[in-house]
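Work through the exercises below with the sequence and the 3D structure at hand. Each task is followed by its solution.

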Amino acid sequence: MRGAKTVGAGAYRGEIARTHPRYTCQECGQDTLSWAGQCPGCSEWNTLVETRPIEVSKRRGRVVSAVAAPKPVALRDVEASSVSRVRTGIGELDRVLGGGLVPGSLVLLGGSPGIGKSTLTGMALGNIAGA
């Protein structure tokens with residue numbers, strides 16, 4: 001039995017697929033691979049429940065699952081909800097951010113050293129605090 005691996009008292013040929021849990025929101029149906037206290041889809045608290053596991057094959061990194069893949073939606077058919085934004089008081093920054101900062105969001109500001117990232121952030125925060 002060269003190449004066979006033993007598990008317990010028996011032997012097998014091949015690989016064992018690892019399973020990873022999947023979590024589904026009871027409110028909106030959002031699926032996620034890790035549990036969180038708040039649903040990333042609808043922002044409701046404590047609604048994620050462990051559901052069907054996903055089998056991950058070690059061969060070629062393929063994911064084998066009994067769950068049907070969601071159908072793609074054309075970009076023109078996606079409905080965007082209107083979100084109130086906090087203006088930074090810097091016109092060009094507000095324009096780049098789509099009208100200002102979205103509460104609870106994260107903005108990554110990058111650039112070369114000495115280009116003014118800290119100055120821009122300090123000015124924006126000063127304007128927000130003064131408003």
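The chain has an accessible surface of about 10,500 Å², and carbon and sulfur atoms hold 54% of that area. The model is predicted.

**Exercise 1.** State how many helices and strands the chain has, and in what order they run.

Solution. Step 1: count the elements, which gives two helices and six strands. Step 2: read from the N terminus, where the order is β-β-β-β-β-β-α-α.

**Exercise 2.** Decide whether T47 is buried, partly exposed or exposed, and list its contacts beyond its sequence neighbours.

Solution. Step 1: locate T47 in the loop between β4 (31–32) and β5 (48–56). Step 2: take its relative accessibility, 7%. Step 3: buried means under 20%, so T47 counts as buried. Step 4: set aside neighbours within four places in sequence; T47 is then in contact with T24, C25, Q26, E27 and C39.

**Exercise 3.** Classify P21 by accessibility, and find how far P21 is from E50 in sequence and in space.

Solution. Step 1: P21 belongs to strand β3, residues 18–25. Step 3: P21 and E50 are 29 residues apart in sequence, while their C-alpha atoms are 6.4 Å apart.

Notes. Residues are numbered from 1 along each chain as its sequence is written. This is a predicted model: local features need pLDDT of at least 70, side-chain atom pairs count only at pLDDT 80 or more; totals for chains, interfaces and linings use all residues. Side-chain values use heavy atoms; hydrogens and water are left out. Helices (H or I, at least four residues) and strands (E, at least two) are DSSP runs, numbered from the N terminus. Buried means under 20% relative accessible area, exposed over 50%, partly exposed in between (1.4 Å probe, protein chains only). Contact means heavy atoms within 4.5 Å. Accessible areas come from the Shrake-Rupley method with a 1.4 Å probe; for residues, only the protein chains shown count as cover.
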